[in-house]
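Please examine the model shown here together with its sequence. The paragraphs below are meant to be read beside both.

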Amino acid sequence: MMRLQKYLALCGVASRRRAEQMIRDGLVQVNGITVREMGVQVDELRDTVAVSGETVLPEEEKHYLAYYKPIGEVTTVSDPEGRPTVMDKFRDYPVRLFPVGRLDFDSEGLLLLTNDGDLMNRLLHPSHEVKKSYLIKASNQVSEEEIRRLRAGVMIDGRLTSPAQVRLIREETFDTVLLISIHEGRNRQVRKMLEAVGHQVVSLRRVEFGPILLGDLPRGQWRTLTEKEIARLKTL
């Protein structure tokens with residue numbers, strides 16, 4: 001049992017204070033009867049609550065997680081080949097979650113999971129250009145000219161990629177570490193971009209998705225996003 005105004009707030013109708021005014025104004029019905037007094041208790045499983053004749057129900061509680069996907073997991077709910085999936089870690093989670101986008105089987109790093117379908121669709125829609133950053137190790141030494149080409153856009157699968165942010169982190173004898181930021185989400189895009197300039201990706205780790213950072217999250221572990229992080233995601 002809970003107070004009627006709290007129930008209305010849980011349904012997303014209005015704040016508790018505004019809900020109290022709606023009750024006083026005779027806009028709320030419980031089991032078909034208009035209620036105007038404060039202090040009425042309702043049972044969300046047995047009582048039917050309506051506002052101006054339209055039934056309202058509590059919104060599902062939204063969950064937002066950051067997960068460090070290790071190499072060797074597919075980013076799907078199930079896999080026909082029987083490979084481990086990212087969802088194996090969340091079989092006993094209290095609500096059904098979905099991964100936001102994908103990370104390849106042979107890639108690792110930051111993956112967001114949520115049951116907020118609206119936010120997930122907005123984060124993935126190309127028009128919103130949400131930035132994703134990847135720390136990669138490329139085979140051999142990547143030249144300045146090749147970095148300029150990556151920044152300008154290269155042809156993959158018959159289409160030019162959008163300009164990327166590319167920063168040289170470290171150059172060694174047989175490989176180069178780069179930080180690449182893109183907002184597109186084509187299949188294996190970063191790997192194909194490096195192939196277009198003559199290099200193979202030795203390792204790839206996503207370290208940023210929009211305003212969310214992988215940080216020091218251990219491999220194979222997850223954490224709940226903070227309220228500040230969730231707010232920043234919703235204002236992208």
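Predicted model: local features only at pLDDT ≥ 70, side-chain atom pairs only at ≥ 80, totals over all residues.

Residues are numbered from 1 along each chain as its sequence is written, and side-chain values use heavy atoms, with hydrogens and water left out. Helices (H or I, at least four residues) and strands (E, at least two) are DSSP runs numbered from the N terminus.

Helix α2 covers residues 16–24, and its buried residues are Ala-19, Met-22 and Ile-23. These buried residues line one face of α2, because they fall within an arc of 100° when seen down the helix axis. The arc is taken over the directions from the helix axis to the C-beta atoms. Buried here means under 20% relative accessible area, exposed means over 50%, and partly exposed lies in between (1.4 Å probe, protein chains only). Among the elements covering the buried residues of α2 are α1 (4–10), β2 (28–30) and β5 (49–51); contact means heavy atoms within 4.5 Å. Gly-26 follows α2 and has a positive phi, near 75°.

Val-42 belongs to strand β4, residues 41–42, and is buried with a relative accessible area of 1%. Beyond residues up to four places away in sequence, Val-42 touches Met-1, Met-2, Leu-4, Tyr-7, Val-30, Asp-47 and Val-49. Ala-138 is placed in strand β10 and counts as buried because its relative accessibility is 0%.

His-63 is found in the loop between β6 (54–55) and β7 (64–69), and it counts as buried because its relative accessibility is 14%. Its side chain is joined to that of Tyr-93 by a polar contact of 2.8 Å. A polar contact is a pair of N or O atoms within 3.5 Å; within protein, one must be able to donate a hydrogen and the other to accept it, and residues adjacent in sequence count only if both atoms are side-chain atoms. Leaving aside neighbours within four places in sequence, His-63 is in contact with Tyr-93, Val-95, Leu-97, Leu-113, Thr-114 and Asn-115. Thr-75 lies in the loop between β7 and β8 (98–99) and is buried at 5% relative accessibility. The Thr-75 side chain reaches the backbone oxygen of Leu-103 at 2.7 Å.

The largest pocket holds about 700 Å³ of space. On a 1 Å grid over the protein atoms alone, a pocket is an open set of points where a 1.4 Å probe fits, with protein on both sides within 12 Å along at least five of seven lines, and lining residues have an atom within 4 Å of a point. Grid points are joined across faces, edges and corners, and the volume is the space filled by probe spheres set on the points. The lining comprises 33 residues, of which Arg-102, Gly-185, Arg-186, Asn-187 and Arg-188 lie nearest the centre. At least two lining residues come from each of α3 (117–124), β10 (132–139), α5 (189–196) and β15 (201–209). By class, the lining has 13 nonpolar, 9 polar and 11 charged residues. Ala, Val, Leu, Ile, Met, Phe, Trp, Tyr, Cys and Pro count as nonpolar, Asp, Glu, Lys and Arg as charged, and the others, Gly among them, as polar.

Two loop residues complete the account. Glu-129, in the loop between α3 and β10, has a positive phi near 50° and is not a glycine. Asn-140 lies in the loop between β10 and α4 (144–152), and its phi, near 65°, is likewise positive in a residue other than glycine. Asn-140 is partly exposed, with a relative accessible area of 43%.
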